[in-house]
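Colleague: I have not looked at this one before. Can you walk me through it?

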Amino acid sequence: LVDDYPEYDEHAVEFLKERFIVQTMDVNNGDDYSLLLQNLNKIEDDAGLCMNRLFYLSIPPQVFGLIVGNLGKFGLNKKCQHDKAESRLLIEKPFGYDLESAKKLINETSEYYDENQIFRIDHYLAKETVQNILNFRFNNAIFESLWDHFHISLIEIYATETIGIEGRANFYDKTGALRDIIQSHLLQLMAIVTMEEPLSFSSVHIHHSKLALLKYVKQINAADVDSSSLRGQYQTYKDEVKNPDTNTETFAAIKLIIDNPRWENVPIVLKTGKSLNEKKTAVTVLFKRNDRNEEMTQHNSLSFRIQPNEGIDIGIIVKKPGLDNELEAVDMDFSYSRFFAADTQRDAYERVLVDAIRGDHALFATSEEVIATWEI
């Protein structure tokens with residue numbers, strides 16, 4: 001363990017182990033929820049403190065409603081017995097299978113939990129590069145002035161993997177690439193890249209701007225599906241899921257148009273796939289070419305590398321050394337790992353957990369955003 005994880009801190013782990021209590025539960029048994037409430041109350045009584053409670057639900061969607069309902073029925077949705085702290089849900093995706101199931105889950109959850117108690121995880125949004133996109137856009141005037149359809153010809157947002165489904169056959173064959181990655185992660189990234197500047201960087205104003213942007217995305221008509229989307233399946237997938245007739249996609253790409261003045265007719269391409277030749281998540285912005293030079297075929301570009309090797313690339317056109325005026329595209333590369341000390345960088349899940357504990361909603365999708373992305 002120590003060799004595999006050089007950051008392993010034996011004293012910290014021992015400190016945590018002393019504070020862990022394990023309670024095995026039958027999610028159908030109300031007595032187990034009552035016992036959980038008693039155990040939490042006892043911890044607070046022994047400490048003499050009222051504590052926030054964070055229920056981290058990394059569970060199959062088919063039992064989500066049951067568990068959330070029982071947490072509410074047995075009083076685990078309320079503040080602690082001293083009425084000074086919060087009870088919160090930290091929820092892993094998928095949140096629904098389609099629009100109707102997402103609405104059903106939202107209604108079931110809202111019966112016992114207010115929106116400010118709910119934190120839906122999207123670990124992509126906790127990446128440093130994603131958090132930096134808004135700051136990069138709105139605090140660098142040289143790019144903010146170019147962030148529109150007059151200067152940008154294409155935006156690509158993609159998440160590709162070299163691995164296949166890795167033993168997740170039951171989940172993946174019922175889900176597919178479109179629902180697994182595009183509906184949640186990539187549409188959220190698109191909203192951050194293209195939304196209008198929020199009134200402030202508070203979670204309320206960021207969510208307001210994201211939702212407004214998602215509402216401007218044009219629906220793809222049935223007649224345009226073939227020209228606006230692409231589906232694929234890697235060769236060994238049918239054998240892995242032991243289903244020779246499966247039509248579930250392991251690759252999906254869609255082209256969207258944002259119908260507002262800033263992004264008029266700029267194609268936004270979202271794509272994801274498994275068992276491809278590269279593991280990479282990135283946002284690439286392609287700027288329009290300079291029409292003054294008809295021979296120039298290169299574009300200026302800007303790429304936010306989300307994983308691996310988080311950073312930002314800027315593609316510029318320069319003259320090659322020599323007597324001729326020959327041009328070449330080169331990259332200016334900023335890398336987090338090279339510029340910032342390793343101990344200042346945080347794993348995405350670390351940020352997710354800390355923000356949920358402190359009640360900061362900025363990196364989590366709201367119910368309205370979930371519905372808007374399923375509508376798309």
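This is a predicted model: local features need pLDDT of at least 70, side-chain atom pairs count only at pLDDT 80 or more; totals for chains, interfaces and linings use all residues.

Colleague: Sheet, then. What is the strand order in the open sheet of eight strands?

Modeller: The order is 5-6-7-4-8-9-10-11, and the pairing is mixed.

Colleague: Which are the edge strands?

Modeller: Strand 5 (229–232) and strand 11 (327–335), each of which pairs on one side only.

Colleague: And what does the twist average from one strand to the next?

Modeller: The average is 15°.

Colleague: Pick a pair inside it. How many bridges join strand 8 to strand 9?

Modeller: Six, between residues 280–287 and residues 301–307, and the two strands run antiparallel. As one example, Thr281 has Gln307 in strand 9 as its bridge partner.

Colleague: What about helix 5, which strands does that lie across?

Modeller: Helix 5 (residues 128–139) lies across strand 9 and strand 10 (311–319), and runs at about 150° to strand 9.

Colleague: Back to helix 8. At what angle does it pack with helix 9?

Modeller: Helix 8 (residues 176–194) and helix 9 (residues 203–215) make an angle of about 105°, and their axes are 9 Å apart. An angle of 65 to 115 degrees counts as roughly perpendicular, so that is how helix 8 and helix 9 are placed relative to each other.

Colleague: Which residues meet there?

Modeller: From helix 8, Leu187, Gln188, Met190, Ala191, Ile192 and Thr194; from helix 9, Lys210, Leu213 and Leu214. By type, the residues of this contact are six nonpolar, two polar and one charged.

Colleague: Change of topic. How many cavities of 30 Å³ or more are in the whole structure?

Modeller: The search finds three. The largest cavity holds about 170 Å³ of space.

Colleague: Which residues are closest to the centre of that largest one?

Modeller: Lys93, Ile121, Ser184, Ala365 and Val370, out of 15 residues that line the largest cavity.

Colleague: Which elements give two or more residues to that lining?

Modeller: Helix 8, again, and helix 14 (367–375).

Colleague: How do the lining residues divide, nonpolar, polar and charged?

Modeller: Six are nonpolar, four polar and five charged in the lining of the largest cavity.

Note on methods:
Residues are numbered from 1 along each chain as its sequence is written. Side-chain values use heavy atoms; hydrogens and water are left out. Axes are lines fitted to C-alpha atoms, for helices over the stretch in contact, and angles run from 0 to 180 degrees between N-to-C directions. Helices (H or I, at least four residues) and strands (E, at least two) are DSSP runs, numbered from the N terminus. Angles under 35 degrees count as roughly parallel, over 145 as roughly antiparallel, 65 to 115 as roughly perpendicular and the rest as oblique. Contact means heavy atoms within 4.5 Å. Ala, Val, Leu, Ile, Met, Phe, Trp, Tyr, Cys and Pro count as nonpolar, Asp, Glu, Lys and Arg as charged, and the others, Gly among them, as polar. Two strands pair if DSSP finds at least two bridges between them. On a 1 Å grid over the protein atoms alone, a cavity is a set of points where a 1.4 Å probe fits but cannot get out, and a pocket is an open set with protein on both sides within 12 Å along at least five of seven lines; lining residues have an atom within 4 Å of a point. Grid points are joined across faces, edges and corners, and a volume is the space filled by probe spheres set on the points.
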